[in-house]
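Please look over the structure below. The report that follows covers loops, helix packing and a pocket.

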Amino acid sequence: MSWGSCTPRVEVDTPGAVGEVTTGRGRGGGGPGGKVGGMSETAPLVEVSGLTKRYGDTLAVDSVDLLVQPGEVYGFLGPNGAGKTTTLRILTGLIAPTSGTVRVLGGSPGQARVLARTGSMIESPAFYPYLSGLDNLRLLAEYADVPRARIQKVLELVDLTDRAQDRFSTYSLGMKQRLGVAAALLKDPELVILDEPTNGLDPAGMRDMRRLIRELGSDGRTVLLSSHLLGEVQQLCDRVGIINEGRMIAEHHVEELRGQQELVIRAAPSESARSVLRGVLGDVVHLYDDTLRIKVDPSRAAEVNRVLVEAGIAVSELRSTERALEDVFFELTTTDSEEKADDR
């Protein structure tokens with residue numbers, strides 16, 4: 001979790017470790033939806049261009065471009081190890097990029113005036129285990145010069161009031177995650193950055209966290225949410241950026257990314273069906289397991305069926321459907337990985 005310019009350690013031994021909490025006493029800027037440092041209300045809250053991060057010979061983030069607009073819930077989607085957390089750590093000033101341009105709330109990551117308007121939970125939240133949830137928040141509020149009255153508000157928001165007096169060590173994983181979000185919200189931030197907030201939660205905990213994120217988004221805040229869970233992003237987010245092996249491979253509104261309806265076909269032999277249809281329709285034909293998906297207007301279903309039958313291919317199913325984000329994700333990441341393999 002990122003707080004500000006000075007860096008006390010909470011259950012960690014080295015700067016930048018998992019669960020690091022940084023705090024700052026600055027209280028610059030207005031409330032959610034306000035301006036920071038003279039920034040226009042319509043300017044992107046996060047602007048990233050050509051962001052690259054190397055660790056020795058390892059390229060963790062490769063020329064990433066990213067824009068997060070005011071008031072939206074932005075989903076940063078990618079498989080584990082794709083570069084999501086590294087990117088978010090750069091945005092919160094926990095690590096420095098190797099190259100590229102990064103602007104957050106009109107300033108540079110890590111600046112006190114930027115951190116004063118940013119709340120974040122990066123990786124697993126870490127608190128003093130022998131203190132209660134309430135006392136942990138009191139400590140953080142003192143570091144950040146936040147009125148104590150704010151503590152009760154964030155506890156109510158994350159539904160932890162009844163367990164606020166209990167030690168952090170007695171909390172379930174879901175409660176620990178919610179306390180981490182409460183800490184991120186203490187400063188009443190304009191921008192909230194959450195790294196895999198439902199990671200490791202049971203279904204009930206995931207439901208509660210999603211409800212909380214929806215409330216944050218509907219409250220006029222801007223939320224940047226990383227996740228490897230496709231259904232979660234589709235349910236919660238206005239726009240989504242997809243990162244794979246360190247590279248941003250798509251950035252669109254969720255509905256735009258899902259695109260128009262498509263045809264779903266089961267035919268045998270499936271490889272022959274793909275070859276025949278690609279000969280007629282081009283590279284809009286994709287084979288997943290034994291199912292063909294074709295990005296064409298559903299009105300062409302009769303034409304597609306006729307082509308397959310005339311080629312001696314048995315069609316057992318042909319229907320139109322809207323693509324789920326899951327389909328788009330696997331299509332994009334598979335294509336990107338294949339292109340990288342061809343380049344090597």
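## Two loop residues

Where is the place of Pro269? Pro269 sits in the loop between β10 (261-268) and α9 (270-281). The model is predicted. In it, the peptide bond from Ala268 to Pro269 is cis. Its omega is near -5°.

Asp159 lies in the loop between α4 (149-157) and α5. Phi of Asp159 is near 60°. That is a positive value in a residue other than glycine.

## How helices are compared

Two packed helices are described by the angle between their axes and the distance between the axes.

## α3 against α4

Helix α3 covers residues 133-143. The axes of α3 and α4 come within 10 Å. They cross at roughly 130°. Angles of 65 to 115 degrees count as roughly perpendicular and those over 145 as roughly antiparallel, so α3 and α4 are oblique to each other. The crossing of α3 and α4 is right-handed.

Which residues of α3 and α4 meet? From α3 come Leu134, Leu137, Arg138 and Ala141. From α4 come Ile151, Val154 and Leu155. By class, the contact of α3 with α4 has six nonpolar residues, no polar residues and one charged residue.

## α3 against α5

Helix α3 also packs with α5, and the axes of α3 and α5 come within 10 Å. Here the crossing angle is roughly 25°. Angles under 35 degrees count as roughly parallel, so α3 and α5 are roughly parallel to each other. Their crossing is right-handed.

On the α3 side, the contact is made by Gly133, Leu137 and Leu140. On the α5 side, it is made by Leu179, Ala182 and Ala183. The residues of this contact of α3 with α5 divide into five nonpolar, one polar and no charged.

## α5 against α6

Helix α5 spans residues 173-185, and helix α6 spans residues 203-218. Their axes come within 11 Å and cross at roughly 15°. This angle too is under 35 degrees, so α5 and α6 are roughly parallel to each other. The crossing of α5 and α6 is right-handed.

Gln177, Arg178, Val181 and Leu185 in α5 do the meeting on one side. Asp208, Met209, Leu212 and Leu216 in α6 face them. Sorted by class, the contact of α5 with α6 holds five nonpolar, one polar and two charged residues.

## The largest pocket

Rolling a probe the size of a water molecule over the atoms shows where empty space is left. The largest pocket has a volume of about 330 Å³. How many residues line the largest pocket? The lining has 17 residues. Nearest the centre of the pocket lie Thr85, Glu123, Asp195, Glu196 and Asn199.

Helices α1 (84-91) and α5 each supply at least two residues of the lining. Helix α5 therefore contributes to the pocket lining and also meets α6. How do the residues of the lining divide by class? There are four nonpolar, eight polar and five charged residues.

Definitions and conventions: Residues are numbered from 1 along each chain as its sequence is written. This is a predicted model: local features need pLDDT of at least 70, side-chain atom pairs count only at pLDDT 80 or more; totals for chains, interfaces and linings use all residues. Side-chain values use heavy atoms; hydrogens and water are left out. Axes are lines fitted to C-alpha atoms, for helices over the stretch in contact, and angles run from 0 to 180 degrees between N-to-C directions. Helices (H or I, at least four residues) and strands (E, at least two) are DSSP runs, numbered from the N terminus. A crossing is left-handed if the near helix is turned anticlockwise from the far one by less than a right angle, and right-handed if clockwise. Contact means heavy atoms within 4.5 Å. Ala, Val, Leu, Ile, Met, Phe, Trp, Tyr, Cys and Pro count as nonpolar, Asp, Glu, Lys and Arg as charged, and the others, Gly among them, as polar. On a 1 Å grid over the protein atoms alone, a cavity is a set of points where a 1.4 Å probe fits but cannot get out, and a pocket is an open set with protein on both sides within 12 Å along at least five of seven lines; lining residues have an atom within 4 Å of a point. Grid points are joined across faces, edges and corners, and a volume is the space filled by probe spheres set on the points.
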